Amino acid sequence: MTDLRTHAEEIHEQFSDQLEIDVEDVESRLDTLVNEYKVPLEEARRSVTNGYLDEAGMERDDLGGGGGNEHVALADIDTAEQWVDVTAKVVDLWEPRSDSVAQVGLLGDESGTIKFTKWAKSDLPELEEGQVYDLGNVVTDEYQGDYSVKLNRTTTIDEVEEDIEVGDDTRTVEGALVDIQNGSGLIKRCPEDGCTRVLQNGRCSEHGEVDGEFDLRIKGVLDDGNEVQEVIFDQEATEELTGIELEEAKDMAMDALDTTVVADEMRVATLGRYYRVTGPTLGRYLLVNDLETLDEPIDTEQALIEARSI
């Protein structure tokens with residue numbers, strides 16, 4: 001069975017109770033986007049799904065996973081817009097920043113941790129810090145390479161008696177910053193509630209044309225001489241790394257009538273310098289929570305010799 005057919009059957013199952021559609025119609029829409037307009041498959045799926053949502057007068061949170069979900073470890077979540085089941089402990093709860101969010105915090109299992117969001121309109125029971133839950137039918141999301149899960153009105157929540165020893169997925173790496181990748185500098189994100197996708201030519205892959213909100217980030221590569229590590233600096237870490245704050249970056253772009261000048265300035269300020277960074281690893285990226293500028297690369301073996309001589 002082709003990937004298009006598999007996706008078409010899953011979408012058809014999600015809407016079969018609301019719309020009179022067949023699998024062939026869904027597959028045809030996907031085929032047009034993917035093969036005629038060269039749209040990536042996942043983006044094509046979102047576009048087709050959004051079209052059926054409009055036809056059915058539904059919201060995305062009204063959807064289920066479209067069949068039996070895979071039960072996954074948190075560290076294995078590396079794709080957005082996937083419906084999965086997880087068993088996890090509520091490690092921490094944070095204060096929501098929006099009225100549309102009922103709870104937000106950190107889930108953990110043996111493999112590591114991940115952010116979760118529970119929508120206010122989902123009308124789900126309160127999660128308690130320290131409690132372990134079986135969470136069915138949650139949907140994955142991604143922000144700056146950092147994956148998260150969202151609890152919606154179709155999510156099931158069952159308490160689990162057994163405790164979980166939460167794993168630590170934090171790493172520390174150091175090396176020279178040898179590359180700042182495309183998509184770095186001054187960017188715009190989708191302002192819709194719960195969506196933080198980076199806009200491409202003023203468009204969100206899910207919500208279409210929107211007035212974006214400015215943000216800063218760096219997607220870079222650290223090289224210690226033996227191996228490389230891709231890293232992502234969020235706005236706070238980018239400001240600390242470069243000394244360029246968001247308002248200053250916006251002024252720079254306005255003066256030049258070009259947002260790329262911000263990334264160019266960041267490259268001048270940082271490339272070739274040595275850093276030590278710490279944070280969780282998700283997929284191929286390390287998400288920088290803490291950073292330290294080094295005068296020169298650290299020779300670990302020499303440092304141990306000096307420490308023993310004291």
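Predicted model: local features only at pLDDT ≥ 70, side-chain atom pairs only at ≥ 80, totals over all residues.

Trainee: OK, then what is V221 in contact with, leaving aside neighbours within four places in sequence?
Mentor: V221 is in contact with A176, L177, V178, D179, Q181, V228, Q229, E230 and V231. The place of V221 is strand 12; helices (H or I, at least four residues) and strands (E, at least two) are DSSP runs, numbered from the N terminus.

Trainee: Is V221 buried or exposed?
Mentor: V221 counts as buried because its relative accessibility is 11%. The cut-offs: buried is under 20% relative accessible area, exposed is over 50%, and partly exposed is in between, with a 1.4 Å probe and protein chains only.

Trainee: And how far is V221 from L271 in space?
Mentor: They are 9.7 Å apart, C-alpha to C-alpha, and 50 residues apart in sequence.

Trainee: Zooming out, how many helices and strands are there?
Mentor: The protein has 7 helices and 16 strands. Of its 310 residues, 44% count as buried. Among contacts between residues at least 6 apart in sequence, 59% join residues at least 24 apart.

Trainee: Which residues touch the most other members of the largest nonpolar core?
Mentor: F233, V277 and V288, out of 22 residues in that core. A nonpolar core here is a set of buried Ala, Val, Leu, Ile, Met, Phe, Trp, Tyr and Cys residues joined through side-chain atoms within 4.5 Å. At least two residues of this core come from each of strand 8 (170–180), strand 12 (213–223), strand 13 (228–233), helix 4, helix 5 (246–256), helix 6 and strand 14 (274–282).

Trainee: What does V277 touch?
Mentor: Not counting residues up to four places away in sequence, V277 touches R171, T172, V173, L222, V231, F233, L286, V288, D290 and L291. Apart from the largest core lies another, of 19 residues, including I77, L107, I114 and I157.

Trainee: Back to helix 4 and helix 6: at what angle do their axes cross?
Mentor: At roughly 55°, with the axes of helix 4 (residues 235–242) and helix 6 (residues 260–270) coming within 9 Å. Axes are lines fitted to C-alpha atoms, for helices over the stretch in contact, and angles run from 0 to 180 degrees between N-to-C directions. Helix 4 and helix 6 are therefore oblique to each other. On the cut-offs, under 35 degrees counts as roughly parallel, over 145 as roughly antiparallel, 65 to 115 as roughly perpendicular and the rest as oblique.

Trainee: Which residues meet there?
Mentor: T238, L241 and T242 in helix 4 meet M266, A269 and T270 in helix 6.

Trainee: New topic: what's the phi of K38?
Mentor: Near 60°, a positive value in a residue other than glycine. K38 is in the loop between helix 2 (23–36) and helix 3 (41–56), and at 64% relative accessibility it counts as exposed.

Trainee: And where is L257?
Mentor: In the loop between helix 5 and helix 6. L257 has a positive phi of about 55° although it is not a glycine, and it counts as exposed at 78% relative accessibility.

Notes. Residues numbered from 1 in each chain as written. Heavy atoms only, no water. Contact = heavy atoms within 4.5 Å.
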